[in-house]
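Let's take a walk through a protein model together.

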Amino acid sequence: MRLVVADCSALYTGRLTAMLPPATRLLVVKADGSVLIHSDGGSYKPLNWMSPPCTLAVREPSEEAAERGVTEVWTVQHAKSDDRLEVELFTVHHDSAHDLGIDPGLVKDGVEAHLQELLAEQIALLGAGHTLVRREYPTAIGPVDILARDGSGSTVAVEIKRRGDIDGVEQLTRYLELLNRDPMLAPVRGVYAAQEIKPQARVLAKDRGIATLLLDYDAMRGVDDPESRLF
């Protein structure tokens, strides 16, 4: 990865035309060929960029550009379109290259698979007397996250989300319709479990006869004790 801090301007042409007037910015040239222009603000989003496949060509400035103080011109051309990013560099304050190696990727904590595993281990969160039948119970339209039995032996289907919205309620409704056709399982009631459930989803779930359950991820994995909180 090459990092260049320079006084520069940029002109993007292609699907639209956009110009960045002269200012001090960070130019990032990645190993995959992408080029990004960042300012000292705006969080992660660059001011302009070119995604691969593209090529970067560096040339000397024209006489007119040199008279304006331009010392180098970058032309970034996309390989599959007419999109072009042309960057004029004036003063370069920093220029370095770094080999970052192979990145292992982002490891997410608290995804739905983790919540499903924890709830299966702590099935009593559904209520006293509940027992686990299996995780990922198969149906014709996809697996139900958890199938369980309550204290009376009735079947319970649980759909798990990190953030529960209306789509999840609709998904669980379809599962319940299929499961209730099986005389070995019916009657099947539903539980919609999530770390956060939107008000509209709660209303729809109640209307469909589906219970809702808020999951406290930290408490479930033992890093937080809700009983010890002041509020």
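Start with R135, whose bridge partner in β9 is I146. This is a predicted model, where local features need pLDDT of at least 70 and side-chain atom pairs count only at pLDDT 80 or more, while totals for chains, interfaces and linings use all residues. Residues are numbered from 1 along each chain as its sequence is written, and side-chain values use heavy atoms, leaving out hydrogens and water.

Now widen the view. Strands β8 and β9 (residues 144-149) pair in the antiparallel sense over 5 bridges; strands here are DSSP runs of E with at least two residues, numbered from the N terminus, and two of them pair if DSSP finds at least two bridges between them. They belong to an open sheet of 5 strands with mixed pairing, in the order β8-β9-β10-β11-β12. Because β8 (131-137) and β12 (211-214) each have a single partner strand, one side of each is left without a neighbour in the sheet.

Next, look inside β11 (residues 188-197), where you will find Y192. Is Y192 buried or exposed? Y192 is buried, as its relative accessible area is 0%; buried means under 20%, exposed over 50% and partly exposed in between, using a 1.4 Å probe and protein chains only. A polar atom of the Y192 side chain lies 3.0 Å from the backbone oxygen of D165. The C-alpha atoms of Y192 and A211 are 6.1 Å apart, although 19 residues separate the two along the chain.

Finally, visit H38 in strand β3 (residues 35-38). H38 is buried too, with a relative accessible area of 15%.

Notes. Helix = DSSP H or I, 4+ residues; strand = E, 2+ residues; numbered from the N terminus. Polar contact = N/O pair within 3.5 Å; in protein donor to acceptor, adjacent residues only side chain to side chain.
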